[in-house]
Amino acid sequence: MSKISFDKDKIIEVSIGNKVYKPTLNQEKGTLKVLKIPEDEKILRMKSIEIGDSELPLVVEFMEKHLLSTMYGFSGVGVGAMQVGAPIRAFIVDIPKSKITSANEFIDFGDSSYLTSRLENGDSVIIEEVYFVSINNKLVQKSKIIKKFPRIKEVNGKKQLIGIEEEVINDNNASPDLIIERKPYFFLNPKIKMDLTSKIILSEGTPSVPMEIIDKKYNGSTNVKRPCNIELEYLNEKLERKVMKIQGDRHDYWKWFSRCAQHEYDYLEGILFIDRIKS
């Protein structure tokens, strides 16, 4: 038997048999403690339980009030309820986009190839970086405007990028035409299908696995091979049933969205990304 309920701070409590699992709230920061291995590995290796129909509104409220701010608090692009100690089938994905004024177009999260190509052409590029600080016990999104300058050297008659210099133009005061798009997607009781013919290798990471463990056991490698193209069936924050077909091999944004969704889905099954590293 399992049951999901709230405490006075709207922190979720998950009862499974005689055991109660409850995330820990940092009152000062307003975020939840993120579980880490090795100390929390037993919980992280649990398989999450399905959320009952009557419990879904409670879980949505918990995700909106606590889970989302926790993800933004560690500058994440995804977070699962299991990562904070609630073994339920729920996670959030939010891949940000930043806009470049000089080109008047978007660079998607992780699209370093496009940024590099601009710099290799000798173009200086202005981007916005987002970070979060705690002000009066509230998480506040801040940003800084950074100009990247390419260092070009001519080799055998061809220009070659040998380095990149950065200058902070403006801290905390974004120009009106520089935008960070944030659109969190809520996934409750998700099911996944994967196109196994579309696998690629990308680097992954999580605050739940310290880098010293990766350095020691996996020689510093964070590369994982997963499919680009997946299909997710789930309930959103409005408790509407949705089917999301992600063609990650067609667009860089969706490539990273697909990767993050699979990474978070693994938590529901008690799997960590290091289990998929080819050491």
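**Entry 1: helix 2**

I began with the length of helix 2, residues 56-73. At 1.5 Å a residue, its 18 residues should span 26 Å, and I found the end C-alpha atoms 24 Å apart, so the two agree. I note here that this is a predicted model.

Just past the end of helix 2, I checked the backbone at S75, where phi is positive, about 55 degrees.

Which residues of helix 2 are buried? I listed L56, V59, V60, F62, M63, H66, L67, L68, S69, T70, M71 and Y72. I kept a rule in mind while reading that list: an α-helix has 3.6 residues a turn, so residues three or four places apart point the same way.

**Entry 2: the cores**

I then looked up the largest nonpolar core and found 43 residues in it. I12, V59, M63, I88, L188 and I274 have the most contacts inside this core. Which elements each supply at least two of its residues? They are strand 1 (2-6), strand 2 (12-16), helix 2, strand 7 (90-93), strand 14 (185-194) and helix 4 (211-218). Helix 2 gives the largest share, nine residues.

What does M63 touch, leaving aside neighbours within four places in sequence? Its contacts are L68, A90, F91, I92, F186, F187 and L188.

I traced an open sheet of three strands in the order 1-2-3, with antiparallel pairing. Strand 1 and strand 3 (19-21) are its edges, each pairing on one side only. From one strand to the next, the twist averages 20 degrees.

I counted the links between strand 1 and strand 2: five bridges, antiparallel. One residue I looked up was K3, whose bridge partner in strand 2 is S15. Helix 2 packs on this sheet and touches strand 1 and strand 2. The direction of helix 2 makes about 50 degrees with that of strand 1.

I stopped at strand 14. Is it mostly covered or mostly open? Strand 14 is mostly covered, with seven of its ten residues buried. Four bridges tie strand 14 to strand 7, antiparallel. Across that pairing, F91 has F187 as its bridge partner. Strand 14 also pairs with strand 17 (residues 229-235), over five bridges and again antiparallel. There I found I192 opposite L232.

Which helices lie across this sheet?

**Entry 3: the whole chain**

The protein chain has five helices and 18 strands. Of its 279 residues, 46% count as buried. I also checked contacts between residues at least 6 apart in sequence, and 64% of these join residues at least 24 apart.

Terms used: Residues numbered from 1 in each chain as written. Predicted model: local features only at pLDDT ≥ 70, side-chain atom pairs only at ≥ 80, totals over all residues. Heavy atoms only, no water. Expected span 1.5 Å × (residues − 1). Buried < 20%, exposed > 50% of the residue type's maximum accessible area, 1.4 Å probe, protein only. Core = buried A, V, L, I, M, F, W, Y, C linked by side-chain atoms within 4.5 Å. Contact = heavy atoms within 4.5 Å. Pairing = 2+ DSSP bridges. Axes fitted to C-alpha atoms, helices over the stretch in contact; angles between N-to-C directions.
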